[in-house]
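Visitor: I would like to learn how to read a model like this. Please take me through it feature by feature.

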Amino acid sequence: MRACAKLCRRNLCRLWWSSRLYCTENSSKLKIFDRNLKRRQRDRAAWLMRPNDSLLDTVAENLLDRLEDCKRTFPTALCMGGSLEAIMRSIRGRGGIEKLIMMDASYDMVKLCKESEQDLPNKNVETSFIVADEEFLPVNECSLDLVISSLGLHWTNDLPGAMIQSRLALKPDGLFLAAIFGGETLKELRIACTVAQMEREGGISPRLSPLAQVRDAGNLLTRAGFTLPGVDMDEYTVRYDSALELIEHLRAMGETNALLQSSKFLKRDTALATAAVYESMFAAEDGTIPATFQVIYMTGWREHPSQQKAKARGSATISFKDIQKEFGEGS
């Protein structure tokens, strides 16, 4: 049963993600997520959010650590969607940021960030707040040195389009930093929900968002026109006392279901069956249950003449066969 559920889950996610990633110009109006519903969920999350969420803070820290590997500074930065407050807490003078724009589609989330600004140590950073959608960036072309998105872009209907807009908003040699949830996120919940639906309803329907695989991230960066693309991945396991506590945490992060083609609510008996299956399949000896969060980190630059470039095809002066002969014979 578990193997069958996992196969169904993978096929369903693959179908959804393929339709999202490879849609043609004729299907550019394809909508997967209800953006108005997602905005309302983030409004609610602004009131439920934990003061210090270890998962969000860890992802923000790891994402911003990449600024410390850069020799240049980024005076003007835009942070859009996702875990805005965690980014604000973690910046602490990194990247030489002088002007920071905080943007979210949720008015309540922006209000929360503005109210918490006075408690943060970034006194030398000029911070402004705007309410806007990541799918329609309200910024001028070539006006930013840095664009940051921590756990927000995976809810956009046109992810490549949103990334292209980010690239256009960057100045030459500007940096794009993003973290999104990957396809292995909440794999335990997906399996439990699939098994429960098959048992109680005789079939399955999409209940969790389709997410990108690691192999897709590099293609996304290249498709958006970024140079020097970089992709890496981390997996975090968070333990909860029950499946209900997990759902409450997802609500507090604004990460609950926003698919257009799914019923608004899971049936009560199916929800209870999901919790029971979850605990029976994955509970540890101490009674806690694990939840996997796979985070894909992406970096890309807007093209600039000073950047490293690959040599022209056919310009090599030595072949791999010669290298193998030189270094491979003694192994």
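Visitor: At what angle do the axes of helix α2 and helix α9 cross?

Guide: The general idea first. Two packed helices are described by the angle between their axes and the distance between the axes. Here the axes of α2 (residues 35-48) and α9 (residues 243-253) cross at roughly 105 degrees and come within 6 Å. Axes are lines fitted to C-alpha atoms, for helices over the stretch in contact, and angles run from 0 to 180 degrees between N-to-C directions. That makes α2 roughly perpendicular to α9. The cut-offs: under 35 degrees is roughly parallel, over 145 roughly antiparallel, 65 to 115 roughly perpendicular, the rest oblique.

Visitor: Which residues make the contact of α2 with α9?

Guide: From α2, R42, R44, A45 and L48; from α9, R251, A252 and M253. Contact means heavy atoms within 4.5 Å. These residues divide into four nonpolar, no polar and three charged. Ala, Val, Leu, Ile, Met, Phe, Trp, Tyr, Cys and Pro count as nonpolar, Asp, Glu, Lys and Arg as charged, and the others, Gly among them, as polar.

Visitor: What are the ground rules?

Guide: This is a predicted model, where local features need pLDDT of at least 70, side-chain atom pairs count only at pLDDT 80 or more, and totals for chains, interfaces and linings use all residues. Residues are numbered from 1 along each chain as its sequence is written, and side-chain values use heavy atoms, with hydrogens and water left out.

Visitor: What pLDDT does the protein chain average?

Guide: It averages 86, and 89% of the residues score at least 70. pLDDT is the predictor's confidence in each residue, from 0 to 100. Over residues 1-28 pLDDT stays under 50; the model has 53 contacts beyond four places in sequence for them.

Visitor: How many helices and strands does the protein chain have?

Guide: Eleven helices and seven strands. Helices (H or I, at least four residues) and strands (E, at least two) are DSSP runs, numbered from the N terminus. Of the 331 residues in the chain, 51% are buried. Buried means under 20% relative accessible area, exposed over 50%, partly exposed in between (1.4 Å probe, protein chains only).

Visitor: Which residues of α7 are buried?

Guide: They are E188, L189, R190, I191, A192, C193, T194, V195, A196 and Q197. After α7 comes G202, with a positive phi near 75 degrees.

Visitor: Where does a positive phi turn up in residues other than glycine?

Guide: Most residues other than glycine have a negative phi. D173 has a positive one of about 70 degrees. D173 lies in strand β5 (residues 170-181) and is buried, at 17% relative accessible area. Phi of L186 is also positive, near 55 degrees. L186 sits in the loop between β5 and α7 and is buried at 8%.

Visitor: Is S205 buried, exposed or in between?

Guide: S205 is partly exposed, at 27%. S205 lies in the loop between α7 and α8 (214-223). From C193, S205 is twelve residues away in sequence and 9.6 Å away in space, C-alpha to C-alpha.

Visitor: How far apart are L153 and F181?

Guide: They are 28 residues apart in sequence and 9.0 Å apart in space, C-alpha to C-alpha. L153 is in the loop between β4 (144-150) and α6 (159-169). With 0% relative accessibility, L153 counts as buried.
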